Amino acid sequence: MELPGALPLGELAAAFATLPVFPLFDLAYYIVSVLYLKYEPGAVEMSRRSPFASWLCAMLHCFGSYILADLLLGESPLHYFSNHSSVVLATAVWYLIFFCPMNLFYKCVSFLPIKLVFVAMKEVVRVRKIAAGVHHGHHHGWFVMMATGWVKGSGVALMSNFEQLLRGVWRPETNEILHMSFPTKASLYGTLLFTLQQTHWLPISEANLIFFFTMFMIVCKVFMTATHSHASPFAPIEDFICPVFFGSVTSGHASHHHDHHGASHDVSHPPPPPAKSKEELNEGTRKRKAKKAE
């Protein structure tokens with residue numbers, strides 16, 4: 001008999017893995033997702049100006065991972081909207097958060113102790129989605145398994161630029177691939193673990209992996225939300241490993257990065273253009289005027 005199966009922890013993990021996520025955990029997932037949408041600058045004004053655009057953005061926040069996974073697998077991006085119960089539940093959450101009288105619903109769900117419970121419940125859904133995505137792509141090879149699991153866990157963040165376009169915002173510098181947040185990185189690492197488990201390279205049952213990785217995600221996200229921290233717990237390991245395998249950032253790149261992000265501090269004092277370039281520009285203007293006069 002295997003040791004995990006002989007321990008109560010193994011039975012707990014098995015029961016946890018079969019725990020249904022609809023409707024309670026999905027409800028928490030929708031609440032936190034729409035809360036993050038409301039935190040975006042201009043989201044409240046957009047909901048008054050264009051409720052339909054606001055609703056579309058909310059649906060992307062709630063179902064973006066399913067939409068992106070369906071696109072990768074060659075299925076209709078509207079496939080998940082056939083789950084009428086989920087769409088109605090997410091729509092009700094969107095309406096209550098944005099349009100409830102006196103903001104009562106928003107004030108209740110954004111109250112920190114209650115919000116932390118919802119954040120923990122959302123991570124339960126995230127890990128289940130990662131496991132389901134990897135399992136869905138099991139017969140298509142490693143890359144498909146990892147791609148499907150990753151977008152199932154962080155599809156909302158990966159589609160953030162498209163969601164910004166719906167809100168009339170274009171900020172390509174916020175590309176999630178270039179600047180991965182903790183949930184995106186954690187989903188990627190979790191996808192790797194579940195892929196190794198599915199291919200029998202990781203000697204652990206799927207139920208145990210779901211349980212332990214969910215506990216890890218809950219602890220990290222609850223702590224980060226409670227302390228308003230954006231620091232990734234992976235940073236110390238990445239700072240040690242990445243320079244060894246991928247090299248360190250050169251001084252030229254570092255200075256360029258510094259100048260790019262520090263440009264906003266020097267907007268009021270732009271460097272003057274070279275005198276020669278200005279003279280050439282004036283000379284070209286005079287020539288064009290002379291040609292028009294002729």
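Reader: F99 first. Buried, exposed or partly exposed?

Author: F99 is partly exposed, at a relative accessible area of 25%. Buried here means under 20% relative accessible area, exposed means over 50%, and partly exposed is in between (1.4 Å probe, protein chains only).

Reader: What sort of model is this, and what gets counted?

Author: This is a predicted model: local features need pLDDT of at least 70 and side-chain atom pairs count only at pLDDT 80 or more, while totals for chains, interfaces and linings use all residues. Residues are numbered from 1 along each chain as its sequence is written, and side-chain values use heavy atoms, with hydrogens and water left out.

Reader: OK, rings. How many aromatic pairs?

Author: A search of the whole structure gives 18. Rings of Phe, Tyr and Trp (its six-membered ring) pair if their centres lie within 6.5 Å; planes under 30 degrees apart are stacked, over 60 edge-to-face, and the rest tilted.

Reader: Why is W94 with Y95 called edge-to-face?

Author: The ring planes of W94 and Y95 are at 65°, with the centres 6.4 Å apart, so the pair falls in the edge-to-face class. W94 is buried at 8% relative accessible area, while Y95 is partly exposed at 48%.

Reader: And what is the geometry of F98 and F99?

Author: F98 and F99 make a tilted pair, 6.4 Å centre to centre with 45° between the planes. F98 is buried, with a relative accessible area of 1%.

Reader: Which charged end sits over F98?

Author: That of K38, 5.7 Å from the ring centre of F98. The criterion is NZ of Lys or CZ of Arg within 6 Å of the ring centre and within 35 degrees of the ring normal. R128 also meets it, lying over the face of F16 at 5.7 Å from the ring centre.

Reader: Which residues make up the ring cluster?

Author: Y29, Y30, F63, Y66, Y80 and F81, linked by ring pairs. Setting aside neighbours within four places in sequence, Y30 touches C62, F63, Y80, S86, L89, A90 and V93, where contact means heavy atoms within 4.5 Å.

Reader: Changing topic: which residues touch the most others in the largest nonpolar core?

Author: Y30, F63 and F194, out of 52 residues in that core. Helix α8 (residues 112–136) gives the core its largest share, ten residues. Apart from this core lies another of six residues, including I67, A69, V151 and M159. A nonpolar core is a set of buried Ala, Val, Leu, Ile, Met, Phe, Trp, Tyr and Cys residues joined through side-chain atoms within 4.5 Å. Helices (H or I, at least four residues) and strands (E, at least two) are DSSP runs, numbered from the N terminus.

Reader: How many salt bridges?

Author: Five. A salt bridge needs a side-chain nitrogen of Lys or Arg within 4 Å of a carboxyl oxygen of Asp or Glu.

Reader: Where are E40 and R167 in the chain?

Author: Their side chains meet in a salt bridge at 3.6 Å, N to O. E40 is in the loop between α3 (24–39) and α4 (43–49), and R167 is in the loop between α10 (160–166) and α11 (182–198), 127 residues apart. E40 is partly exposed at 24% relative accessibility, whereas R167 is buried at 11%. A network of salt bridges links E40, E163, R167 and R171.

Reader: What about R126, what does it bridge to?

Author: E123, with the closest N and O atoms 2.8 Å apart. Both lie in helix α8, three residues apart, or about one turn of the helix. R126 is buried at 8% and E123 is buried at 0%.

Reader: Which helices does the E238–K185 pair link?

Author: The bridge itself is 2.9 Å, N to O. It links helix α13 (residues 235–246), which holds E238, to helix α11, which holds K185, 53 residues apart. E238 is buried at 15%, and K185 is buried at 18%.

Reader: Last one: where does UniProt put the "transmembrane region" feature?

Author: The unreviewed UniProt entry places it at residues 12–32, 52–73, 80–98 and 201–224. Those positions are in the numbering used here, feature names are shortened, and annotations may be inferred rather than shown by experiment. In the model, residues 12–32 are 71% helix and 0% strand, with end C-alpha atoms 26 Å apart. Residues 80–98 are 79% helix and 0% strand, with end C-alpha atoms 24 Å apart.
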